[in-house]
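Morning, everyone. Please have a look at the next slide, and I will walk you through it.

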Amino acid sequence: MDFELSDDEAALAEAMRRMCQSRFPLERVRAGEGRRVVDADQWRALAEAGVFSLRLAEDDGGAGLGTAHAAVVFEELGRALVPGPLVATHVAARIVKGAGTGEQLVGLVHRPPMGRVLPVVVADLASLGAVLVVDEQGVHQLPPEALEAEPIDHGLDPLTPLWRLATIPEGAVVADAGTARELWRDHLVLSAALLVGMASAVAELATEYAKQRRQFDRPIGSFQAVKHLCADMLVRAETARASVHAAAVTIDQPDVGDALRAGAGAALLASDAAVANAKACIQVHGGMGFTWEVPAHLYLMRAALVSRGLGRAQRLAEVVAERL
Amino acid sequence: MDLRYSEAEETFRAGLRAWLTDTIPTLGAAPSPHDWPARRAYDTAWQRMLYDAGYAGIDWPAEVGGRGASPVEQLVYLEELERAHAPYVGVNFVGLLHAGPTIVVEGTPEQRERFLPGILKGDAVWCQGFSEPDAGSDLAALRTRAVRDGDDYVVSGSKIWTSHAEVADYCELLVRTSDEGPKQRGITWLAMPMDAPGIDIRPLRTIAGSNEFAELFLDGVRVPVANRVGEENDGWRVTMVTLSFERGTAFVGELLQSMELVGELRALARRTGAWEDAAVRAQVGRLGAELDALWGLARRNVSQAARTDVPGVGGSVFKLAFSELRQRLAQLGQDLLGAAGLSWGELEADDGSGPLGNARLLDVWINSFSRTIAAGTSQIQRNIIAERILGLPKG
Ligand SMILES: Cc1cc2nc3c(=O)[nH]c(=O)nc-3n(C[C@H](O)[C@H](O)[C@H](O)COP(=O)(O)OP(=O)(O)OC[C@H]3O[C@@H](n4cnc5c(N)ncnc54)[C@H](O)[C@@H]3O)c2cc1C
């Protein structure tokens, strides 16, 4: 048992971080505001780095790596606030041709129960080559044109365009119910990894600011009320990270635990950590935190978007409760 | 990242499990928590059994009589003991987890020879005399004074919150030996025999109604200089060295026990019908997810200790998160009991299905309040995290 990152995993995380720093510096990511399509060059760079194919077998053009490797990669993508349907395209790579190579962007939707009143929303629709719908029967694949969709004008996350779906047609069943459950589970865990990266990024942003900003002739980080906000941010991020990593390893090593329980728990804690830390980051920045300039709000909005995609927190908690 | 145990670790587990399976049924019933002499007898008898089976001082080096187990084996050990519902370390806590490790690292060969076997065999019980009425979180402000007189130190002052002082043979005592320079520099570590003349022990009643800890009044107590561990005025460093001996496993037993508790709460909620309430199910699920996460964090801390031999800073993160989680878990237990949560006496369920287990859940509940105070309060943990991990300036 060794629950530290292996040399391999650490090197991969490091390489991803460097890649994100050079290809996705925050100024560049922010330049995408208001655009309704994903930047094709950027997407290709992600594909070349193996973001979508790394868990595919080598014969299928992948790297044959595990979910633990994917988790550390997605953590870095979250930290850098990289936009686009990252997790959906990654988990779809085993089903949709061209997803692993970056030629196809894929959306993932969980079919809502009958009689719903709330709208179903899908991100990045104009860029998608396919949409996968998971439900009790299995995985359905639909061409985006088959969806009756209407663009939403003011999405919460300024870097992610949204569409509202009027209907979700049946579509061709491309994989069975077991695969559908696996896709959804992997989607939970890797989305949670994105969220953990975001939770850490804002914790660091707040801590740095607390060291620099001075009031009453001293750094605000010397005030205990601020210190404790920062300490709590670290605790939330580290606890969530441990749960995401444990969930990822449990997918790779099924005999060590219950991967769905671990995945739902990780999704729950990572959502909380990302949202709560982004809010605390705004607070630590004072008035600056309320400006468009400080990126805390971008993390908050992205965290809200990603965690919405995991279902209601109540439901995730119940999944854990049923499986304790 | 690898969560599978190696073959060697599994072999260790199997041997331990077999021994526990044979041994646990031979233990008598646990004594009343209010009967200290009986508790001492029970806890030390268990320690002796561990010793005879080669499981005493699991993490202590082999050259001082320990098992020299790896950090991961230590984790397996805690897992198996919890699984088998083995007795808790109890009155052996300070000896095995604090005073003993201090002597292992800082003691002279004679001191190791003199003190360590008694701890391992359960012959000697230690208590911890650190806190004072005016020195709690600010431990270095302690004032109990020791003055050198020939081959002895003469100690006067008072200590407080000393757990199981009444049944201890020795006290690991921090005393002031100098007022010069920074207050940390004038502290000395002594092993004080509890039967020395001049020690007055006055039990304090806790909110749980027990005498878990006591106040010690020391009036001219003579402690041989030979009982000093480390140099005079170097006691603060000596104490900190021990803290770094800790591999982040201190609360693992209780964490695993909490996982079992969450299962019990679910069972209780099903019995009472509270499980119909989605909010209750969500609360149980959330606590379960948090416990799972902390189990991950514990394994991470242990893995770090195994790799670097230096425990990570994760210990404070774990202590803070777990103690607060334990309180919420305990609160859910009290909530689920409804009106039965108002009685310390064991109550039967209305439907004739037997005892509700309210006394035990209330015990968990009331004791959970000490978790965020003892061994460094939550506020102090946050200060440590902010200053030592995040590098925020001292204020
Ligand atoms: C069940 C139990 C068993 C114990 N057993 C032992 C034992 O065997 N031996 C022993 O030596 N001690 C023992 N202790 C003592 C324990 O270590 C102290 O209670 C603890 O360190 C806090 O010190 P205090 O009680 O003096 O509280 P104080 O230090 O007076 O704290 C009071 C409040 O002020 C806050 N506070 C203090 N300083 C700061 C700060 N710098 N920043 C922010 N907030 C602050 C604290 O968080 C707390 O909320 C035990 C305590 C308990 C509850």
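I will take the ligand site, then chain B, then the sheets of chain A.

Some ground rules. This is a predicted model, where local features need pLDDT of at least 70, side-chain atom pairs count only at pLDDT 80 or more, and totals for chains, interfaces and linings use all residues. Residues are numbered from 1 along each chain as its sequence is written, chains are lettered from A and ligands numbered from 1 in the order in which they are written, and side-chain values use heavy atoms, with hydrogens and water left out.

Start with the ligand. Which residues come nearest to it? Of 18 residues around the ligand, they are Ser131(B), Ser137(B), Trp161(B), Thr377(B) and Gln379(B). Near means that a heavy atom of the residue lies within 4 Å. The site is shared between chains, because residues from chains A and B surround the ligand.

Now the polar contacts, meaning pairs of N or O atoms within 3.5 Å; within protein, one must be able to donate a hydrogen and the other to accept it, and residues adjacent in sequence count only if both atoms are side-chain atoms. Gln128(B) places a polar backbone atom 2.8 Å from a ligand nitrogen. Ser131(B) has a backbone N or O atom 2.8 Å from a ligand oxygen. Gln379(B) uses its side chain: a polar atom there lies 2.8 Å from an oxygen of the ligand. Alone, the ligand exposes 960 Å², and the protein buries 65% of that. Those areas are Shrake-Rupley values with a 1.4 Å probe; for residues, only the protein chains shown count as cover.

What is the shell made of? Seven residues are nonpolar, 11 are polar and none is charged. Here Ala, Val, Leu, Ile, Met, Phe, Trp, Tyr, Cys and Pro count as nonpolar, Asp, Glu, Lys and Arg as charged, and the others, Gly among them, as polar. Strand 3 (152-163) and helix 11 (378-389) of chain B each give two or more residues to the shell. Helices (H or I, at least four residues) and strands (E, at least two) are DSSP runs, numbered from the N terminus.

On to chain B as a whole. Its domain assignment gives domain 1 (7-88), domain 2 (126-232) and domain 3 (251-389). Such bounds come from an automatic or database assignment. Domains 2 and 3 of chain B each supply at least three residues to the ligand shell. Their centres, taken over C-alpha atoms, are 32 Å apart.

Two histidines next. Most residues other than glycine have a negative phi. His85(B) has a positive one, about 55°. That residue sits in the loop between helix 3 (71-83) and helix 4 (93-106) of chain B. His164(B) also has a positive phi, about 40°, and lies in the loop between strand 3 and strand 4 (170-176) of chain B.

Finally, chain A. One open sheet has three strands in the order 2-6-5, paired antiparallel. Pairing takes at least two DSSP bridges between two strands. Its edges are strand 2 (120-123) and strand 5 (149-152) of chain A. Strands 5 and 6 (162-165) of chain A share four bridges. There, Pro151(A) stands opposite Trp163(A).

The other open sheet of chain A has four strands, order 1-3-4-7, with mixed pairing. Strand 1 (106-110) and strand 7 (172-176) of chain A form its edges. Strand 3 (130-134) and strand 4 (138-142) of chain A run antiparallel, joined by four bridges. Val131(A) has Leu142(A) as its bridge partner.
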